[in-house]
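Reader: I would like to learn how to read a model of this kind, feature by feature. Could you take me through it, giving the general idea before the particular case?

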Amino acid sequence: MREAYSGFFFLGLAVLAIVESLRMGTGTMKEPGAGFLSLSMGLVIAVFSLVLIIRGWKPEPGSRPVKHSVTTIIALVALFAYSLIMDRIGFVIATFLLVTVLFHLAERRRWWVLLGMSALVTAVAYLLFGVVLKVYFPEGILGS
Amino acid sequence: MEALNHLIYGFGIVLQPANILFCFLGVFMGTLVGVLPGLGSAAAISLLLPTLFHVPGVSAMIMLAGICYGAMYGGSTTSILVNIPGEVASVVTCIDGYQMALQGRAGPALGIAAFGSFIAGTFGLIGLMLFAPLLASFALRFGPPEYFALAFMSLTLVTYVSKGSVIRSLMMGCVGLLMSTVGMDPITSTSRFTFGLTALLDGFEIVYVAMGLFGLSEVLLNLGESMNQEILQTDIRHLFPTRQDWKDSAKPIARGTVVGFFLGILPGFGSAITTFLSYAMEKKLSRHPEKFGKGAIEGVAGPESANNAASSGTFIPLLSLGIPVNVSSSILLGSLMILGFQPGPLLINSRPDLFWGLIASMYLGNVLLLVLNLPLIGLWVQLLRVPYSILGVLIVIFCEIGAFSVNSSTEGVLIMNLFGLVGYLMKRYKFEGAPLILALVLGPMLENSLRRSLMMSEGSPWIFFTRPLSLVFMVVSLVFLISPIFTHERIGKIAIETVEE
């Protein structure tokens, strides 16, 4: 079924591409428009998706469904949260929190080791990028 | 003679103190990237690019190119000592390199890998120096139909040499082309697939895509998993191979150099597949094929030379045509554009400082790499003791900060994370990243030349088949596109299966 799931996902993407391309105008063969290539790609992707769906409909003996580890899911949530809250709480706090979560997920450590390592990585990152390379980071609540 | 004068001019550029430093930093980072599993040269270039915005373009490119070819040297260290390839191009080196290390011959294995890489890298450079300007002057005759056909052939070849399913590779190529249409249409100025997001008006930044697909996703896949990083407890002595070792390795190095260089020029082959082909070839040609897999020095010398020669070969289409042939050169092409260069056949003549400076820097870089990889081998071995649970987190943090620093905006971080998720899912569902990134980079050129060709021919697609050069490119493309329907034998697959045997 793994192929079928991929097929359905890409079919959705193809439909989106086709609808949007038609909306923006595909032009003619003599004068191809903005949606010409995307429409063509949408149609080809749709055909390939159908092949994947048909091929994946019958599960192959021995094939197992893909499982995602809880560690990866938590890490992904932490990463997206980081990009969404960095502006509000600032680079230093957001990075410290992210590093703490990731170190904890990667290997269980004593809490003081975990916090110490996270503080060190955050400090080095700030010094290297913020001070040496002069990247302007959001200060967030530490700046107000 | 003219080439020699140009080379002297190039050395004049690279021997400036700042450029020597950038060259050293590049090859040092390259070796680091090669040694450390989980961080490829594509992700490393994307990661470092934002820090080079204030550096002169030529210096920045000297450093980024150093990462590319430097990674080929470093990759062999982990393969030989830990049995984990630091780079895909070093997978094959694990087979006989690790066996040699188990037999107490880690020194000669590391030595022949470094010397083979140096010899192949140097010969590759001579080839690059001679062929690239020739190809560039030839490409001045190209019109839109030739460019379309060339881009189409590049994409077809990439999918053909992939190791997985053709349908999946083709699908990734198409998704990459679709992604390349995001942003402002250069002809009509219509905004496409931006869904009101201003960050998408310029399309997908290659830096975010590469960092997400090749940096972040790799860590996400391995986070929390224990990785065997047991370094072989062996004395690394006798790094200089014996006379017998040289005798056994001379022909494999020569063959690896030639095969690697010419295949490196072709789209899709890159460094990884050439190593598989070189290994398969050495095994077939050997009088003692039974020695392969049990510590044959030929199995280290051939592939290690091939990947370095291929690394030089990839620069030919990149610098003379503006066509990338693998993931790393796609990112380098993106970097060229971001740093203000205009890739294409005019680049060598319009920016000789860049081209000849780069060539000279590679000669210097190869010497620096030999020093970094032989006397300083102990340093890299120590680095291998850093556990992946720490290294992986550091890679993620550098990716996040790197993405932020491109435009000093969290939108970039969000987009990069999104591609990290996409890359993770692609790996889990067995979709390859190379066709996608290549299509994303080649997309604007392909679309532009397709539309201009159709306008020229008043809508007739036969224009691609009536001009001799584009006809050749199209026929090659169609052969590679159609042949998997009739046969399951493909070069990538065959080479990998031979090695697995």
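Author: What follows goes from confidence and domains to the contact between the chains, the core, a pair of helices and a few single residues. Please keep in mind throughout that this is a predicted model.

Reader: How should I read the confidence, and what is the mean pLDDT of chain A?

Author: It is best to begin with the chain as a whole and then to turn to its elements. The mean pLDDT of chain A is 88, with 92% of its residues reaching 70 or more. Within chain A, H1(A) has the lowest confidence, at a mean of 90, while H4(A) has the highest, at 93.

Reader: Which domains does the assignment give for chain A?

Author: The assignment divides chain A into domain 1 (2-57) and domain 2 (70-142), and the C-alpha centres of these two domains of chain A lie 39 Å apart.

Reader: How many residues does each chain bring to the contact between them, and of which class are those of chain A?

Author: One reads such a contact from both sides, and then by element and by class. Chain A gives 48 residues and chain B gives 43 residues. On the side of chain A that touches chain B, the elements giving two or more residues are helix H1 (2-24), helix H2 (36-57), helix H3 (70-89), helix H4 (91-106) and helix H5 (111-132) of chain A. By class, that side of chain A has 32 nonpolar, ten polar and six charged residues.

Reader: What should I look for in a nonpolar core?

Author: In soluble globular proteins, nonpolar side chains tend to be buried together. Here the largest nonpolar core has 207 residues, and those with the most contacts inside it are A:Ile45, A:Leu102, B:Ala210, B:Met211 and B:Ile437. The element that gives the most to this core is H6(B), with 17 residues. Because domain 1 (2-57) and domain 2 (70-142) of chain A both give residues to this core, it lies between them.

Reader: Which residues does A:Ile45 touch?

Author: Leaving out residues up to four places away in sequence, A:Ile45 touches A:Phe10, A:Leu13, A:Ala14 and A:Ala17, and from chain B it touches B:Met171, B:Cys174, B:Val175 and B:Leu178.

Reader: How do I describe a pair of helices, and at what angle do H5 and H6 of chain B cross?

Author: One gives the approach of the axes, the crossing angle and the residues that meet. The axes of helix H5 (residues 91-102) and helix H6 (residues 106-139) of chain B come within 7 Å and cross at roughly 145°. From H5(B), the residues B:Thr93, B:Gly97, B:Met100 and B:Ala101 meet B:Ala106, B:Pro108, B:Ala109 and B:Ala113 of H6(B). This contact has six nonpolar, two polar and no charged residues.

Reader: Is B:Phe193 buried or exposed, and why?

Author: B:Phe193 is buried because 20 other C-beta atoms lie within 10 Å, and 20 or more is the cut-off for that label. B:Lys430 has 13 other C-beta atoms within 10 Å, so it is partly exposed.

Conventions: Residues numbered from 1 in each chain as written. Chains lettered and ligands numbered in written order. Predicted model: local features only at pLDDT ≥ 70, side-chain atom pairs only at ≥ 80, totals over all residues. Axes fitted to C-alpha atoms, helices over the stretch in contact; angles between N-to-C directions. Helix = DSSP H or I, 4+ residues; strand = E, 2+ residues; numbered from the N terminus. Contact = placed C-beta atoms within 7 Å. Nonpolar A, V, L, I, M, F, W, Y, C, P; charged D, E, K, R; others polar. pLDDT = per-residue confidence, 0-100. Core = buried A, V, L, I, M, F, W, Y, C linked by C-beta atoms within 7 Å. Buried ≥ 20, exposed ≤ 12 C-beta atoms within 10 Å, placed from the backbone. Domains from an automatic or database assignment.
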